[in-house]
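This report covers one protein model. The sequence and structure come first, then the commentary.

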Amino acid sequence: MKPLVSIIMGSTSDLPVMEKACKWLEEREIPFEMNALSAHRTPDAVERFAKGARARGVKVIIAGAGMAAALPGVIAASTPLPVIGVPIKGMLDGLDAMLSIIQMPPGIPVATVGVNGAQNAAILAAEMIALGDEAIAAKVDAWKAGLGKKIEKANAELVAIKDYKFKC
């Protein structure tokens, strides 16, 4: 299957963060691809990737980068596809990366999730695709319904612990 989401990281050292996006998409059987491309070390490859992504069937790009965090913006400058930036925690607890990603010039938007928020980037990408894909919309709906059940279960367990241990 053609990938609908492309996950790009500045280097393989970002993999421990970005694999959370892969895992979430994989569990929902949403096709994706993953590459390491550097805005500074391989700028021509980044531009070729970004310009060709739509023709390959990609719908949303998730780009993670730390420190200068130029990668999401460079990609957004070369494609009409939505780009979601994931600031990677490094120096300054990821604040430097977050500020680099969110401060884009007019006309080059990059949606941005929290520092190391690759899972949220995958969810947002799926929600974007779901606007025009009922099968993916159903997967997102099912996952979100499961969130409520998880909290209800946790609350029931908390009540049971409270009733047992803490006689207030």
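## A contact across the sequence

Ile 108 touches Gly 73, Ala 76 and Ala 77, leaving aside residues up to four places away in sequence. Contact here means heavy atoms within 4.5 Å. Ile 108 sits in the loop between H4 and strand E5 (111-112). Ala 77 is 31 residues from Ile 108 in sequence, yet their C-alpha atoms are 5.8 Å apart.

## Basis of the model

This is a predicted model, in which local features need pLDDT of at least 70 and side-chain atom pairs count only at pLDDT 80 or more, while totals for chains, interfaces and linings use all residues. Residues are numbered from 1 along each chain as its sequence is written, and side-chain values use heavy atoms, with hydrogens and water left out.

## Overall layout

The protein has six helices and five strands. Their order along the sequence is β-α-β-α-β-α-β-α-β-α-α. Both kinds of element are DSSP runs numbered from the N terminus: helices are H or I with at least four residues, strands are E with at least two.

Along the principal axes, the C-alpha atoms fill a box of roughly 65 × 40 × 30 Å. Of the contacts with a separation of 6 or more, 67% join residues 24 or more positions apart.

## Surface and burial

Of the 168 residues, 40% are buried. Buried means under 20% relative accessible area, exposed means over 50%, and partly exposed lies in between (1.4 Å probe, protein chains only). The accessible surface comes to about 9,600 Å², and carbon and sulfur atoms hold 59% of that surface. Areas come from the Shrake-Rupley method with a 1.4 Å probe; for residues, only the protein chains shown count as cover.

Met 67, Met 91, Leu 92, Leu 95, Leu 99 and Ile 102 make a nonpolar surface patch of about 600 Å². Patch residues have over 30% relative accessible area and no salt bridge; nonpolar side chains (Val, Leu, Ile, Met, Phe, Trp, Tyr) are joined within 5 Å, like charges within 9 Å. Leu 99 belongs to helix H4 (residues 95-102). Its relative accessible area is 40%, so Leu 99 is partly exposed.

## Charges and salt bridges

The protein carries 19 positive and 17 negative charges, and their mean positions are 2 Å apart. Lys and Arg count as positive, Asp and Glu as negative; His and the chain ends are not counted. Each charge is placed at NZ of Lys, CZ of Arg, CG of Asp or CD of Glu.

The structure holds seven salt bridges. Each is a side-chain nitrogen of Lys or Arg within 4 Å of a carboxyl oxygen of Asp or Glu. Lys 23, Glu 27 and Arg 28 form a salt-bridge network. Within it, Glu 27 and Arg 28 meet at 3.3 Å, N to O. Arg 28 has 15% relative accessibility, so it counts as buried.

Glu 127 and Lys 144 pair in a salt bridge at 2.7 Å, N to O. This pair links distant parts of the chain: Glu 127 is in helix H5 (residues 118-130) and Lys 144 in helix H6 (residues 134-165), 17 residues apart. Glu 127 is partly exposed at 27% relative accessible area. Lys 144 is also partly exposed, at 42%.

A further bridge joins Glu 157 and Lys 153, with the closest N and O atoms 3.5 Å apart. Both residues lie in helix H6, four residues apart, about one turn of the helix. Glu 157 is partly exposed at 41% relative accessibility, whereas Lys 153 is exposed at 54%.
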